[in-house]
Amino acid sequence: MTNNLNTLLFCPICSQKYSNGCIRTVANRKEAIIVHITCSVCRSASLAIISNGNDNDRLISVGMLTDLSYDEIIEMIKKGPITADEVLEINQIISSV
Ligand SMILES: [Zn+2]
């Protein structure tokens with residue numbers, strides 16, 4: 001069960017093993033837990049999504065580097081999902097460049 005999670009225990013940049021204080025929960029939902037991890041050595045940040053998917057016998061994890069701080073991610077979550085109008089507005093801005 002934990003083999004998939006082992007890759008999340010080490011920094012992908014400097015290979016330092018993460019300590020408990022490096023990991024903060026961003027969201028804890030029934031279907032997944034999202035955590036923000038900051039390496040204590042190189043200060044790189046990652047987001048990890050851990051889910052049991054449709055199969056309760058194994059965990060699925062996905063990790064990705066981010067330049068967002070924990071506080072910035074929490075702020076984005078508070079703002080909620082983007083709307084269709086916002087997507088259209090961004091498309092118009094990009095198209096005009
Ligand atoms: Zn590191």
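Reader: Is Val-26 buried, exposed or partly exposed?

Author: A residue is buried if 20 or more other C-beta atoms lie within 10 Å of its own, exposed if 12 or fewer, and partly exposed in between, with C-beta atoms placed from the backbone. Val-26 has 16 other C-beta atoms within 10 Å, so the label is partly exposed.

Reader: Before we go on, what sort of model is this, and how are residues numbered?

Author: This is a predicted model: local features need pLDDT of at least 70, side-chain atom pairs count only at pLDDT 80 or more, and totals for chains, interfaces and linings use all residues. Residues are numbered from 1 along each chain as its sequence is written.

Reader: What pLDDT does the chain average?

Author: pLDDT is the predictor's confidence in each residue, from 0 to 100. Confidence is lowest in helix 1 (residues 3-6), at a mean of 65, and highest in helix 3, at 95. In the chain, 94% of the residues score at least 70, and the average is 88.

Reader: Which residues does Val-26 touch, leaving out those up to four places away in sequence?

Author: Val-26 sits in strand 1. Contact here means that the C-beta atoms of two residues, placed from the backbone, lie within 7 Å. On that count the partners of Val-26 are Ile-34, Val-35, His-36, Ile-73 and Ile-74.

Reader: What separates the C-alpha atoms of Val-26 and Asp-71?

Author: Along the chain, Val-26 and Asp-71 are 45 residues apart.

Reader: At about what angle does helix 2 run to strand 1?

Author: Helix 2 (residues 70-79) lies across strand 1 and strand 2. Axes are lines fitted to C-alpha atoms, for helices over the stretch in contact, and angles run from 0 to 180 degrees between N-to-C directions. For helix 2 and strand 1, the angle is about 5 degrees.

Reader: How many of the ten residues of helix 2 are buried?

Author: Helix 2 lies largely in the open, because the number of its ten residues that are buried is zero.

Reader: What is the strand order in the sheet?

Author: Two strands pair if DSSP finds at least two bridges between them. Five bridges join strand 1 to strand 2, and six join strand 2 (residues 33-38) to strand 3 (residues 45-51). The sheet is open, with four strands in antiparallel pairing, and its order is 1-2-3-4.

Reader: Why is one side of strand 1 and of strand 4 left without a neighbour in the sheet?

Author: Strand 1 (23-28) and strand 4 (60-66) stand at the edges, so each has a single partner strand.

Reader: Which residue of strand 2 stands opposite Arg-24?

Author: Strand 1 and strand 2 run antiparallel, and a hairpin joins them through four residues. Opposite Arg-24 in this pairing is His-36.

Reader: What pattern does the chain follow along the sequence?

Author: Helices (H or I, at least four residues) and strands (E, at least two) are DSSP runs, numbered from the N terminus. The chain has three helices and four strands. Read along the sequence, the pattern is α-β-β-β-β-α-α.

Reader: What is the radius of gyration of the chain?

Author: The radius of gyration is taken over C-alpha atoms, and the globule rule is 2.2 Å times the number of residues to the power 0.38. That rule gives 13 Å for 97 residues, and the chain is well over this, so it is more spread out than a compact globule, at 16 Å.
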